[in-house]
Number of protein chains: 2
Amino acid sequence: MTPTIDFWFDFSSPYSYIANEWVDAVAARHGRTVRRHAILLGATFQAAELKSPVSYPIKREYSLADFARSARFEGVPYLQPDTFPIPTQNAARIFWWLHDTGSPDAAADWARAAFRAYFTRSVLLSDPDALKALAADSGLDAAAAEAAWNDPAWKLRLKSENETAIAAGIFGAPFFMVDGEPFWGNDRRAQIERWLATGPF
Amino acid sequence: MTPTIDFWFDFSSPYSYIANEWVDAVAARHGRTVRRHAILLGATFQAAELKSPVSYPIKREYSLADFARSARFEGVPYLQPDTFPIPTQNAARIFWWLHDTGSPDAAADWARAAFRAYFTRSVLLSDPDALKALAADSGLDAAAAEAAWNDPAWKLRLKSENETAIAAGIFGAPFFMVDGEPFWGNDRRAQIERWLATGPF
């Protein structure tokens, strides 16, 4: 079985979006596949008594500039959405619905589409109409997607993923687990690459 | 005049210690000199309403592991002090005393010595006797160093540096300013190096 890189993300997290753009290529270069986990940062922040960096006035301005610079550094297109952050539970429920009823690849395609829509075209994933339109543009059955995000079963699936993540010590996003080693943040890319290339260091 | 990299640090910050070990070589490679600023993270945290990452229980275990791994990644020796974090105002006042009455280079030598003492030999910079012994080992007049850290003039000098840093938007350490561009964190090294190599990106 191909060894994996586990990757936790929130659709409203700029650093998660950037990592989502490089993680597959990095994994493939080292014979790994990526196992994605859509979660809600609100849940992990609450459990860890943390807050978003942009909720601190002095840190906010730097953080907004750093999102864009970090994207440029990785060669990833980025446009800061005016409405930010946003609730992402519906987009995350679509992810798990596709993951469980379709395939992890279908869910990964949705993750890419939703991240790019929000962080390059300011498509508000929190707006039901915009989300349905994006689902349709992405080749999904928009009505079925809406039914999924309103379905208690997929609400529970996401809740359970949040709880599993918190129990595993995930306190932010993007978060990676490689051979049981935790890496937090888009800026741990170089350390992850060294780990994949040389093993534990 | 040689262009500079401004570098703010706190003697109790592991990531500041790691950065202190690479910043001169990176600067020299690009024809720059480093201008060091000893500050107190307690002051910047308070101004920005932030807290140390190790003050959050869930984040603490990861952070301690990440300090050591980030040091290994940079090839820097590291031993987590049991007593951590510690108050560092006396070590910082010695820095400014040397800076103003000796030279920035003398202060930089002290910064290196104090960081290495705390982060490789658990020498408690917060303990007056240990600090005097370290000053003597570093070729300083230990009694003069003690007099300096108790002198209202050097207390004021440090306080004023903290206030200047906060006014400039410094909210953590290590913090760098390169051509007016702010970079926060040891993990921004790669972005700083690209900036120095190619200019704004």
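How are α4(B) and α7(B) oriented to each other? The points below take up this question together with the chain fold and the contact between chains.

1. Basis of the model. This is a predicted model, in which local features need pLDDT of at least 70, side-chain atom pairs count only at pLDDT 80 or more, and totals for chains, interfaces and linings use all residues. Residues are numbered from 1 along each chain as its sequence is written, while chains are lettered from A and ligands numbered from 1 in the order in which they are written.

2. Helix pair in chain B. Helix α4 (residues 89-101) of chain B packs on helix α7 (residues 142-150) of chain B with the axes 8 Å apart and an angle of about 105°. Axes here are lines fitted to C-alpha atoms, for helices over the stretch in contact, and angles run from 0 to 180 degrees between N-to-C directions. α4(B) and α7(B) are therefore roughly perpendicular to each other; that term covers 65 to 115 degrees, against under 35 for roughly parallel, over 145 for roughly antiparallel and oblique for the rest. From α4(B), the residues B:N90, B:R93, B:I94 and B:W97 meet B:A145, B:A148 and B:W149 of α7(B), a contact being a pair whose C-beta atoms, placed from the backbone, lie within 7 Å. By class, this contact has five nonpolar, one polar and one charged residues. Nonpolar denotes Ala, Val, Leu, Ile, Met, Phe, Trp, Tyr, Cys and Pro, charged denotes Asp, Glu, Lys and Arg, and the others, Gly among them, are polar.

3. Helix pair in chain A. The axes of α4 (residues 89-101) and α7 (residues 142-149) of chain A come within 8 Å and cross at roughly 105°. α4(A) and α7(A) are therefore roughly perpendicular to each other. A:N90, A:R93, A:I94 and A:W97 in α4(A) meet A:A145, A:A148 and A:W149 in α7(A).

4. Fold of chain A. Chain A has nine helices and four strands, taken as DSSP runs numbered from the N terminus (helices H or I, at least four residues; strands E, at least two). From the N terminus on, the order is β-α-β-α-α-α-α-α-α-α-β-β-α. The C-alpha trace spans about 50 × 45 × 35 Å along its principal axes. A compact globule of 201 residues would have a radius of gyration near 17 Å, and the 16 Å of chain A agrees; the radius is taken over C-alpha atoms, and the globule rule is 2.2 Å times the number of residues to the power 0.38. Among contacts in chain A between residues at least 6 apart in sequence, 70% join residues at least 24 apart.

5. Relation of the copies. A rotation of 180° with 0.0 Å of shift along its axis superposes chain A on chain B, with an RMSD of 0.0 Å. The two copies are thus related as by a two-fold rotation axis. Superposition is by least squares on the C-alpha atoms of residues with pLDDT of at least 70 in both copies. Of the residues of chain A, A:D187 comes closest to the axis, at 3.2 Å (C-alpha).

6. Interface. The contact takes 20 residues from chain A and 20 residues from chain B. On the side of chain A, the elements giving two or more residues are α2 (41-48), α3 (57-73), β4 (181-184) and α9 (189-198). The largest share, six residues, comes from α3(A). Because 100% of the interface residues of chain A are also interface residues in chain B, the copies meet through the same surface.

How values were computed. Two residues are in contact if their C-beta atoms, placed from the backbone, lie within 7 Å.
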